[in-house]
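Open the model in your viewer and keep the selection tool at hand. The stops below are meant to be taken in order.

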Amino acid sequence: MKIHRIAAIVIRHLYLYKRSLPRLMEVFYWPFLDLVIWGFISIYLARFKGALPDFAAFLIGALILWDILFRSQQGLSVSFLEDMWARNLLNIFVSPISPVEYITSLMLVSIVKLLLAASVMVLFAWLFYSFNLFLIGLSLIPLILNLVVMGWTLGIVTMGLILRFGQEAEVLAWAVAFLFQPVSAVFYPVAVLPPFLQTIAGFIPSSHIFEGMRAVINSGGFPAHEIFWATGLNLIYIIGSFIFFHWNFGIVKKKGLLAKVGE
Amino acid sequence: MQINPIIEVSSLTKIFSGNKAVDNISFEVYQGEILGLLGPNGAGKTTTLQMLLGLTTPTSGDIRIFGLDISHHREKILQDVNFSSSYISMPYSLTIMENLIVFARLYGVKNPKEKIAGLLKDFEIEDIKDRVVRSLSTGQITRVCLVKALLNDPKILFLDEPTASLDPDIADKTRRLLKKIQKEKGLSILYTSHNMKEMEEMSDRIIFLDKGKIIAAGRPEEVLTKFKVENLEDVFIKIARGV
């Protein structure tokens, strides 16, 4: 055992944290996120005590819908990473395919992945916990569509950041959705959040979707107000994400980074 | 042969953070010729190739391919162009055939299976077409990438050190094959390599780049005469050492 050799490897890993925001997030943000999420769930449970209506249904329904958002985002960004890891991006971008066509193809891939993952979750939620997601009824369609679109928005933004910042931004492919989880009010209502976070949540499409889901499970009916807000915000954000990607792609080409992505 | 310039580059400059990677270069590539781009590391060869492929935006200057501006007609130009490099690869979990089918679709190749089978045979890799890329040697991957580069019957082929990872025997076979295909199809090739013997053998004309500038251009024998040396390797060493 030589201390200097052990120290060398320790230093090698600590150097990484000096100028890497994603790695610093690993240390500070994710533990903070866990605390916040479980803290708000605890407040929610404590506030309603025993009178909480159908909490198991809320929780399982939220978990399945959250997974839809997560998978649709990953369907884009992880598929993109696969091309990057395989050193295949140059082959793609020297072909006549346009960035919009490339993104559209990854959106379709994400739908396939999503359908498979969601089928498994819905089936086992029914088998293990007698939870039937389809009891949400027709409202389920706009809720899911909105989650998919929000996932795509995050996926497109993530792809743009990975193109621009390379490996440093790779962690976002798995984590970006979770950045929005506390203000998405997935497992608790928006009302549990402090006022300033409630204001932020108002601008996050997923918070309206999960509020809508809880409203349907709680009292039935069509959550038109929530779906209207989620759809409006999603439209703005997805257009914004394409603009962001296009702008970023221009910078990447200007800086000559396209050939270096993944290095 | 040299009638129509198929690539016209004029006053091309690329500046990265104040450094001129490519400094006001102009050249043409004619239909059916092989133009070798040479120079030490950092000379601007790869940056020039990337600008010609539309991967990097020039700071100033013009690039016209088939008479069209690459910045406005990227899709149309790239349909008839292809690229290979020993530094790129393909998805590892897919077989050679699956990968090539994907690229055939990207370029809208008609009868893709026939086309692929013919090229695999030419490059002597038809017997491994069902193997996943992960299991291939670097040399085999390079040949798969060359097959990919010829799938769309390109009119222009950009090759960035295409034989860098091949053993001398396969490298020689690959050069001969490329030369044969180039002659048969009247293909224009822009070629970079650090193998000076290869450049002399392959190129109709060469351009020597150093610090982003063209310092010599012409037929290989013309460049040798200019530098009063017997082979391109000596030219390269003279330039690299600033002799």
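Predicted model: local features only at pLDDT ≥ 70, side-chain atom pairs only at ≥ 80, totals over all residues.

Stop 1

Stop 2: Now pick β3 (residues 34-38) and β8 (residues 188-192) of chain B, a parallel pair with four bridges. Colour Gly36(B) and look across to β8(B): the bridge partner there is Tyr191(B).

Stop 3: Go to β6 (residues 81-85) of chain B. Is this strand mostly covered or mostly uncovered? It is mostly covered, with five of its five residues buried. Show the side chains: Val81(B), Phe83(B) and Ser85(B) lie on one side, Asn82(B) and Ser84(B) on the other, and both faces are covered. In a regular strand, side chains alternate between the two faces of the sheet. The neighbour of β6(B) is β7 (residues 156-160) of chain B, which runs parallel to it and is joined to it by five bridges. Within this pair, Ser85(B) is opposite Asp160(B).

**Stop 4: the two domains.** Colour chain B by domain: domain 1 is 1-80 + 155-163 + 187-243, and domain 2 is 86-153. Five residues of domain 1 of chain B and six residues of domain 2 of chain B make the contact between them. On the domain 1 side, these are two nonpolar, one polar and two charged. The C-alpha centres of the two domains are 27 Å apart.

**Stop 5: the chain contact.** Bring chain A into view. Here 20 residues of chain B contact 17 residues of chain A. Helices α1 (45-52), α2 (74-78) and α3 (96-106) of chain B each supply at least two residues on the chain B side. That side comprises twelve nonpolar, six polar and two charged residues.

**Stop 6: the core.** The largest nonpolar core has 129 residues, and those with the most contacts inside it include Leu147(A), Phe158(B) and Phe208(B). Which helix gives the most to this core? Select α6 (residues 140-165) of chain A, which gives 14 residues. Finish on Leu147(A), whose contacts beyond four places in sequence include Leu65(A), Ile68(A) and Ile209(A).

Technical notes. Residues numbered from 1 in each chain as written. Chains lettered and ligands numbered in written order. Buried ≥ 20, exposed ≤ 12 C-beta atoms within 10 Å, placed from the backbone. Pairing = 2+ DSSP bridges. Domains from an automatic or database assignment. Contact = placed C-beta atoms within 7 Å. Nonpolar A, V, L, I, M, F, W, Y, C, P; charged D, E, K, R; others polar. Core = buried A, V, L, I, M, F, W, Y, C linked by C-beta atoms within 7 Å.
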